[in-house]
Amino acid sequence: MPDEDSLPPLVHSPKTLPEALALLNAYPKAQLWAGGTASPEQDFGSPIRLPTTVVSLHLVEDLKRVQYGDRFVDLGAGMTLNQVLHVMKTFLNPALRQAILATGYTALRNLATLGGNLCQKGFFGDLFPVLHLIGAQFEFRGIRSSRWLTATQVSDEGRLTPLAGEILTRVRVPQEDWPHFFYQKIGNFRTPWDERLSMTALARTKHGLVEALRLIFYLPHTGLLRHRGLEAEFVGQRVPFAPRLRQEALKSIQEAMQGLSLPPSLFQKDRVLHMTRWVLSQIQDE
Amino acid sequence: MKQNLILNGEDVTLEGEDEDSLFAVLKAETKLFSGIICCQKGFCGRCHVLLDGREVPSCLVPFYQTRLREVVTPEGFAATEEHRIFRQLLDEEGLVYCHQCTEAQIFHLSAYLEQFPAPQEEELRTAISEIPCRCGSRPVLERAVRRLVALKESDRAGRR
């Protein structure tokens with residue numbers, strides 16, 4: 001009997017979501033294929049590596065829909081990153097826009113999908129930390145089930161992976177005004193893990209006082225670093241922040257890094273402190 | 001597996017495996033991309049095609065996904081009026097042509113402007129930097145692209 005790996009891949013290309021879910025149910029070992037850009041680290045000159053059984057989502061229009069609610073937008077997980085940029089031109093949170101623009105390059109973003117970026121194996125893609133900060137929710141559908149997870153529930157699990165037989169179908173992005181936004185990414189997938197990180201910060205001020213401030217770092221091998229206690233301490237503070245307040249914030253961030261289960265590298269620690277200092281110095285009244 | 005698609009405006013039937021890349025099939029089955037060495041990882045920008053009007057790295061597109069879809073390669077684009085105009089602007093700006101990246105740049109930037117017709121200055125610079133190039137031709141490209149953007153804008157205004 002031939003080895004399973006030596007057989008040509010079995011590719012299914014469903015046209016609807018129920019069809020895709022039925023296929024996943026019928027072939028429990030099948031793997032989903034979206035844009036196919038998540039791991040271009042294949043050997044030089046080799047064919048694309050398809051799994052043994054593939055459920056390809058490129059024809060599933062149900063996954064490319066956008067729905068507008070009063071205070072949110074639902075994005076189909078099968079939308080390409082450039083489609084998200086286009087569709088949400090007027091609605092897109094500016095930090096999310098920057099994160100998308102920092103992901104790959106134009107031609108790659110015409111293939112890469114929102115769902116693909118979020119469901120990479122073993123770690124979060126570029127967009128999850130931003131979605132976490134703006135309070136996005138994620139819908140997973142199975143053949144007979146549907147569930148929504150908040151970004152916090154997802155980050156507790158450590159990664160955004162559908163259960164067997166499930167597909168990430170929609171991402172609900174709340175529409176809130178964040179006049180102050182910062183996004184910075186250091187390194188890409190060719191950079192060593194301990195030299196990569198991203199930072200997102202959002203803030204809102206009124207009459208010289210902070211209404212809300214959110215700050216998150218993503219250290220790929222360590223995880224997400226978000227200090228909600230620190231965020232709460234800034235609410236009601238006057239901007240620009242007093243030097244003593246900024247110093248205390250840096251100290252808190254430093255302590256939070258020490259509390260992580262996997263310690264950040266020296267480089268990451270240094271960048272986290274540097275970026276925190278910079279963000280806090282930039283927030284002024286509108 | 002044989003598969004029908006529209007290639008540079010013509011209905012064609014090409015043969016390849018599901019997991020072959022579109023680039024590999026085009027190279028093996030047609031005379032397109034002859035002499036082009038691609039990184040096969042989506043980095044080099046030399047294998048880009050338009051797939052249903054959107055620029056993609058053909059080395060990352062599995063052949064099975066192109067069934068009945070429309071593919072335009074840089075060779076197909078080179079026969080268009082748009083290409084002629086862009087090339088003329090590049091000539092006027094004094095671009096020295098390189099075998100490695102010039103055609104890939106023309107193809108990429110034309111596709112980019114089709115998708116994002118009114119880019120901001122920063123976005124345009126980023127778009128120009130997306131095709132790896134060691135020729136030092138970026139300032140020339142930038143001038144030519146700016147003129148192309150202005151030309152397209154006045155064209156659109158004329159139509160309104």
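This is a predicted model: local features need pLDDT of at least 70, side-chain atom pairs count only at pLDDT 80 or more; totals for chains, interfaces and linings use all residues.
**View 1. The five-stranded sheet of chain B.** Let us start with the strand order: E2-E1-E5-E3-E4 in chain B, which makes an open sheet of 5 strands with mixed pairing. Which strands stand at the edges? They are strand E2 (10–15) and strand E4 (54–57) of chain B; each has a single partner strand, so one side of each is left without a neighbour in the sheet. On average, neighbouring strands of this sheet are turned by 40 degrees against each other, direction ignored.

**View 2. Strand E1 of chain B and its two partners.** Follow strand E1 (residues 2–7) of chain B here, and you will meet a parallel partner, strand E5 (residues 70–72) of chain B, joined to E1(B) by 2 bridges. Within E5(B), B:Glu70 is the bridge partner of B:Ile6, and B:Val71 is the bridge partner of B:Leu7. With E2(B), on the other hand, E1(B) pairs in the antiparallel sense, over 6 bridges. One residue pair to look for is B:Gln3 with its bridge partner B:Leu14 in E2(B). How many residues lie between E1(B) and E2(B) in their hairpin? There are 2 residues between them, and B:Asn8 in the turn has a positive phi of about 45 degrees.

View 3. Which residues of E1(B) are on the covered face, and which on the uncovered one? The covered face has B:Gln3, B:Leu5 and B:Leu7, while B:Lys2, B:Asn4 and B:Ile6 are on the uncovered face.

**View 4. Helices against the sheet of chain B.** Helix H1 (residues 22–29) of chain B lies across E1, E2, strand E3 (48–51) and E5 of chain B. The helix H1(B) runs at about 100 degrees to E2(B). Helix H4 (residues 102–115) of chain B also packs on the sheet, where it touches E3, E4 and E5 of chain B. The direction of H4(B) makes about 30 degrees with that of E3(B).

**View 5. The four-stranded sheet of chain A.** Now move to chain A, where 4 strands form an open sheet in the order E9-E10-E11-E12, with antiparallel pairing. Strand E9 (180–186) and strand E12 (223–226) of chain A are at the edges; each has a single partner strand, so one side of each has no neighbour in the sheet. Neighbouring strands of this sheet are turned by 10 degrees against each other on average, direction ignored. Strand E11 (residues 209–219) of chain A pairs with E12(A) over 4 bridges in the antiparallel sense, and in E12(A) the bridge partner of A:Tyr218 is A:Leu224.

**View 6. Helices across the sheet of chain A.** Helix H3 (residues 94–101) of chain A lies across E9 and strand E10 (197–206) of chain A, at about 20 degrees to E9(A). Helix H10 (residues 266–282) of chain A lies across E9, E10, E11 and E12 of chain A, and runs at about 20 degrees to E10(A).

**View 7. Where two domains of chain B meet.** The domain assignment of chain B gives domain 1 (2–74) and domain 2 (81–159). The C-alpha centres of these two domains of chain B lie 23 Å apart. Their contact takes 12 residues from domain 1 of chain B and 8 residues from domain 2 of chain B. Between them, the two domains of chain B bury about 900 Å², with 60% of it on carbon and sulfur atoms. How many salt bridges are counted between domain 1 and domain 2 of chain B? The count is 0.

Methods. Residues are numbered from 1 along each chain as its sequence is written. Chains are lettered from A and ligands numbered from 1 in the order in which they are written. Side-chain values use heavy atoms; hydrogens and water are left out. Two strands pair if DSSP finds at least two bridges between them. Axes are lines fitted to C-alpha atoms, for helices over the stretch in contact, and angles run from 0 to 180 degrees between N-to-C directions. Contact means heavy atoms within 4.5 Å. Buried means under 20% relative accessible area, exposed over 50%, partly exposed in between (1.4 Å probe, protein chains only). Domain bounds come from an automatic or database domain assignment. Buried area is the accessible area (1.4 Å probe) that two parts lose on being put together, summed over both. A salt bridge is a side-chain nitrogen of Lys or Arg within 4 Å of a carboxyl oxygen of Asp or Glu.
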